[in-house]
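Please look over the two chains shown here before reading the briefing below, which is arranged by topic.

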Amino acid sequence: MSTTTHLESLTDEAITIIREVATECQNPVLLFSGGKDSAVLLHLAVLAFAPARLPFPVMHVDTGHNFAEVIEYRDQFVRDVGARLVIASVQESIDKGRVVEDTGPRASRNRLQSVTLLDAMIEHGFDAAFGGGRRDEDKARAKERILSFRDQQGRWDPRQQRPEPWDVLNARIRKGEQLRAFPLSNWTELDIWQYIAVHDLALPTIYYSHTRTVVERDGMLLAVGGPVVAEPGEVPYEAVVRYRTVGDASCTGAVESTAANVHDVIIEVAAARITERGATRADDTFSESAMEDRKREGYF
Amino acid sequence: MSTTTGTAVALRSTLRVATAGSVDDGKSTLIGRLLHDTKTVFEDQLAAVVKASRRYGDGETNLALLTDGLRAEREQGITIDVAHRYFATPQRSFIVADTPGHAQYTRNMVTGASNADVAIVLVDARHGVLEQTRRHAFIATLLGVKSIVVAVNKMDLVDWDEAEFDLIAKEVIEYVQALPTPVPVTAIPLSALLGDNVVDASPNTPWYDGPPLLQWLEEFDADPRTEVGGRLHVQRVIRPQGGEFADFRGYAGVVNGGGFAVGDEVTIEPSGNRAVIKALHRAGKPVHSAENGHAVVIELTTTIDVARGDVFVATEGTVVPHIGESVEAEVCWMVDQPLTVGSRWWFKHGTRTGRATVTAIDYRHDLASLDREPTESLELNTLGRVRLLLSEPIVADRYIDNPEGGRMILIDEATNSTAGALMITAVAR
């Protein structure tokens, strides 16, 4: 009987996908936000080519609404692995008039990222982008292939996905078309945390319990002080929280938690009764098909 | 939680399961029920499904909405593409591919079933075995599932009638046993909607003494595969070109068909050169040996010419791989453009790509009669036997001997879409 654990199988699978896409595509890039999924992805990518260096750059689509700890972590991780970091700035897209920012206290830049991402892919000539997306995150992601084909406008057509029998990956595209590759497709939130534990992978400190000033909005705890401003009637208060996901600070919520280290977090995640996106992403609760709509527009 | 890290040791390896069967036989509802009754559904997901069920006018909470995640699917109440879902019990982890039942989306069913160990073929107890039931059972066995579970669903609508169940079970078992690559079949009477015999044994089927579906899946053990001997299709040559690893030259790929260990002699095909394994690395760490499925980097004791597409073959292996440009294969055809004699495609086998020309179509499978019909072309969603001539030789196994070495895809030259899934039956020079 095989002695391979579930986590080891997932690791083998992810490394194989990364090697295959990196070899078949001309100019891939790895999307790295400093969040836990992209941290695991970048760690796996480094292992995939060791002892050679990472053969492609990493790119951060920066909404400008960041957690300081995450940017610090991003820069340190990229330095440690000796990768080249490309920053695609949503602020620049706004300044150039490529996108128009929503206004008001609940405005988020999350959706604007699609335009910035596509512009950067074209500017740098990237034909494939690795993303840390997981099928267990969302019902639209659950439908997506490991290699997700995007047309010349970067759009995903969920009704015309290429068949993907076995793990024989077909990375053939025409000029101007792009691929998104999701090596963590078959991972769950718990698998991610177990990988972090097994490999002793450092994460931004906001993933662990800390005290923060928050307001409660739509059942979510949003940190005040950055892009989030307390609305009339909202009373900021100190809470002991951690983040389950890290995204745009305007729409990423914290959860009350005393989990101070990776083992506490694993116990918490194993017992969780609410999904990470449901608990922490205001942008996904807008409508029933929020993720599908964003993906059709070119989102990760 | 049995350990503080949550890394509870599962008793059995991860099981990959795919649903199959005709439209409206309840595939998505069954998966929804499995997820719900194993407490895998999160509160916010369930709340969203309750809300959506109301919006789409479904009377009760429609558990199918747990996997039918696309807007077009929810509007029409059908499954268009595969949804992958994950759950674990204390016994083992499961990866479930919920596949569409409509004939027009068969290619998506192929995607979902291609990696499955077990296919759950659903049959509506009121309607019995339909063409899609047969098509999916045929495809699932061609793709190499190790066992089929016939879930005779909606038993509540036939008053839990044992005779109805027996009739359907017998028909599927006889059909599968007559297929080119038969597998064991187990039949379970259940109601996905009500949950009978899904996770918990049903009081409505006193005449059924088998396990409920989940228990069957938890306890399933595939017969150990007969190994052909280690193979590795070289994905990439790893050369650091400088620093302390300036002399390092490693060959990355996935082990299949058997294993490799440090000190083993390997033959590099198709050149036939031999070399000895100096070191093995997995996920960046040195290992002494590697087995099926491990993603490794191999270092050799001597420097020889090895490139992407070449195959390392354990010299001690029990089955010698087949090498050549002439290929015979079973095919599932998945694009509108038909496969015709003389048509040309890209092929990908292992890590080797090139051009393939169709030299003959031996026959098409008639899914009802299982006759082999002569034909000039294979259309979308049909199955048949083809012969190809490749632009360069491949190092392959028969699919039934070693699936990883015997699978191949054809790619449309114009659209780049994956057009065919091929299971190799013979290779010759």
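The structure is a predicted model, and the description starts with the contact between the chains. Chain A contributes 51 residues to that contact, while chain B contributes 59 residues.

**Chain A where it touches chain B**

- On the side of chain A that touches chain B, two or more residues come from each of helix H1 (6-24), helix H2 (36-49), helix H6 (189-198) and helix H7 (262-271) of chain A.
- Among these helices, H1(A) gives the most to the side of chain A that touches chain B, with 9 residues.
- Sorted by class, the side of chain A that touches chain B holds 20 nonpolar, 16 polar and 15 charged residues.

**Domains of chain A**

- Chain A is split into domain 1 (6-192 + 289-296) and domain 2 (203-284), and the C-alpha centres of domain 1 of chain A and domain 2 of chain A are 23 Å apart.
- Their contact draws 23 residues from domain 1 of chain A and 24 residues from domain 2 of chain A.
- H2, helix H3 (68-81), H6 and helix H9 (290-296) of chain A each provide at least two residues of the side of domain 1 that touches domain 2, and the largest share, 3 residues, comes from H3(A).
- That side of domain 1 of chain A comprises 9 nonpolar, 8 polar and 6 charged residues.

**Domains of chain B**

- Chain B is assigned domain 1 (15-219), domain 2 (231-314) and domain 3 (322-428), and 29 Å separate the C-alpha centres of domain 2 of chain B and domain 3 of chain B.
- In the contact between these two domains, 12 residues of domain 2 of chain B meet 10 residues of domain 3 of chain B.
- Strand S7 (231-233) and strand S9 (250-256) of chain B each supply at least two residues of the side of domain 2 that touches domain 3, and the residues of that side divide into 3 nonpolar, 6 polar and 3 charged.

**Strand pairing around S19(B)**

- Strand S19 (residues 344-349) of chain B pairs with strand S20 (residues 352-365) of chain B in the antiparallel sense over 6 bridges, and B:Trp346 has B:Arg355 in S20(B) as its bridge partner.
- The hairpin of S19(B) and S20(B) has 2 residues between the strands, and B:Gly350 takes a positive phi near 60° in this hairpin.
- S19(B) is also joined by 3 bridges to strand S24 (residues 407-411) of chain B, again running antiparallel, and B:Phe347 stands opposite B:Leu410 in S24(B).

Methods:
Residues numbered from 1 in each chain as written. Chains lettered and ligands numbered in written order. Predicted model: local features only at pLDDT ≥ 70, side-chain atom pairs only at ≥ 80, totals over all residues. Contact = placed C-beta atoms within 7 Å. Helix = DSSP H or I, 4+ residues; strand = E, 2+ residues; numbered from the N terminus. Nonpolar A, V, L, I, M, F, W, Y, C, P; charged D, E, K, R; others polar. Domains from an automatic or database assignment. Pairing = 2+ DSSP bridges.
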